[in-house]
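Here's a quick briefing to read alongside the model. Have the sequence and the 3D view open as you go.

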Amino acid sequence: LETRGMNTGFGFLTVSAGFDSYFKLIPNEPGVGTYGRIFIIGALNTLYVSFLAIIASTVLGFIIGVLRLSSNWLVSNVALAYVEVFRNTPLLIQVIFWYIGVFSLLPKVRKSIDLSGGSEVLLLNNRGLYMAWPVPGDQLWVTGLALIIAVIAIIFFRRWARNRQDKTGQIFPTLIPSAAAFILLPGVVYLLTDMPLTWDIPKLEGFNFAGGANLPPSFVTLLVALSIYHAAHMAETVRAGVLSIGKGQYDAARSLGLREKRVMSLVIIPQAMPAIIPPMISNWLGAVKNSSLAIAIGYPDIVSLFMQTSLNQAGYAVELVAMTRAFYMFISLTISWLLNIYNKRVQLVER
């Protein structure tokens, strides 16, 4: 680098960047914000879409995995078709398909698809997803405090019910009381504080919507592609974990009078989790790392903003690439560490 006359070091992070991101979670001004701020913007964009994709793919994967084991021929084969199609197609091709073949063909702004059933608070068009955005009032923190208290009370209540069931064998219903506490306590406090929450609803002004919040097509495309692709892998993980449990466990649970749903939630899934979690860790790590394919559709993730645009303007290739690699490594090791802790907690201990 010295021979070629190239600068080194990390001092460029405090230099102002002459560009901005069209999608960002923190404010930034071109020519004022630094390259260090661009790094934070790209990292937050990556974490945002990755977190939502992990949640969506895990929930969808569990559902599809259980449906694969259904005794209904149609249900199991539809789930099988989903897994085989999306699991065996390269993710990059799926990203481009959703972006070019689906979201770019959506109606224009004036003919937006109303996903809210006519209330016009959730609109989809070829410019992205537009939605109403909450505007908190001064007293909303009281409702938030009531919600936290309700969640803590529900946790202790469910632990009490579980301990009671272990001692007596009697199942105490927790769903309805928990839902009531979760809704009623914050709801009553919200009403008593004069409903300190309003909504900023998007309204059509000229050629676009104003107000509310919007997600660009590249974000929605990447989220959908990552969720569907990794859900297919998650479904096979769940199916394999459930099948690893002997049929005798199911028969024994049914002989005790447990219903189908109770057998799955109380007997099969808890025993299958030690087999599900290790490959689930890899699936979550893959979702984070595969978010870098956003560069193919222009979503401003850390690779696009920092390792491409910043590199082209500022140079410092070694430093920028090293920081990007360190970011992905840190996130991957953190996810692996947290899930390994949970994995140790659910491991079955033989007596």
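Leaving aside residues up to four places away in sequence, Ile38 touches Ala17, Phe19, Asn28, Leu305 and Ser310, where contact means heavy atoms within 4.5 Å. This is a predicted model, so local features need pLDDT of at least 70 and side-chain atom pairs count only at pLDDT 80 or more, while totals for chains, interfaces and linings use all residues. Residues are numbered from 1 along each chain as its sequence is written, and side-chain values use heavy atoms, with hydrogens and water left out.

- Ile38 lies in helix H1; helices are DSSP runs (H or I, at least four residues), numbered from the N terminus.
- Ile38 has 0% relative accessibility, so it counts as buried (buried is under 20% relative accessible area, exposed over 50%, partly exposed in between, with a 1.4 Å probe and protein chains only).
- Asn45 is another H1 residue, and at 0% relative accessibility it counts as buried too.
- The contacts of Asn45 are Ser21, Phe23, Lys24, Leu25, Tyr299, Pro300, Asp301 and Leu305, again not counting residues up to four places away in sequence.
- From Ile38 to Ile63 is 25 residues along the chain, and their C-alpha atoms are separated by 38 Å.

- Phe51, Ile55, Val59, Ile63, Leu67 and Val75 make up a nonpolar patch on the surface, about 500 Å² of accessible area together.
- Patch members have over 30% relative accessible area and no salt bridge, with nonpolar side chains (Val, Leu, Ile, Met, Phe, Trp, Tyr) joined within 5 Å and like charges within 9 Å; accessible areas come from the Shrake-Rupley method with a 1.4 Å probe, and for residues only the protein chains shown count as cover.
- Helix H1 (residues 35-68) supplies the largest share of the patch, five residues.
- Leu67 sits in H1 and is partly exposed, at 34% relative accessible area.

**Nonpolar cores**

- The largest nonpolar core has 42 residues, of which Phe12, Ile302, Phe306, Phe327 and Ile335 touch the most other members; a core is a set of buried Ala, Val, Leu, Ile, Met, Phe, Trp, Tyr and Cys residues joined through side-chain atoms within 4.5 Å.
- Two or more residues each come from H1, helix H6 (217-243), helix H8 (260-290), helix H9 (302-314) and helix H10 (317-346), and H8 gives the most, with 14 residues.
- Ile335 touches Ile54, Trp284, Leu285 and Val288, not counting residues up to four places away in sequence.
- A second, separate core has 30 residues, including Leu215, Ala231, Ile297 and Tyr299.

**Salt bridges**

- The count comes to five salt bridges, each a side-chain nitrogen of Lys or Arg within 4 Å of a carboxyl oxygen of Asp or Glu.
- One of them pairs Glu236 with Arg68 at 3.3 Å, N to O; Glu236 is in helix H6 and Arg68 in helix H1, so the pair ties together parts 168 residues apart in sequence.
- Glu236 also bridges to Arg239, with the closest N and O atoms 3.0 Å apart, and Arg68, Glu236 and Arg239 are linked in a network.
- Both Glu236 and Arg68 are buried, whereas Arg239 counts as partly exposed at 22% relative accessibility.
- Lys247 forms a salt bridge with Asp251, closest N and O atoms 3.2 Å apart; the two are four residues apart in helix H7 (residues 247-255), so about one helical turn separates them.
- Lys247 is exposed at 60% relative accessibility, while Asp251 is partly exposed at 36% relative accessible area.
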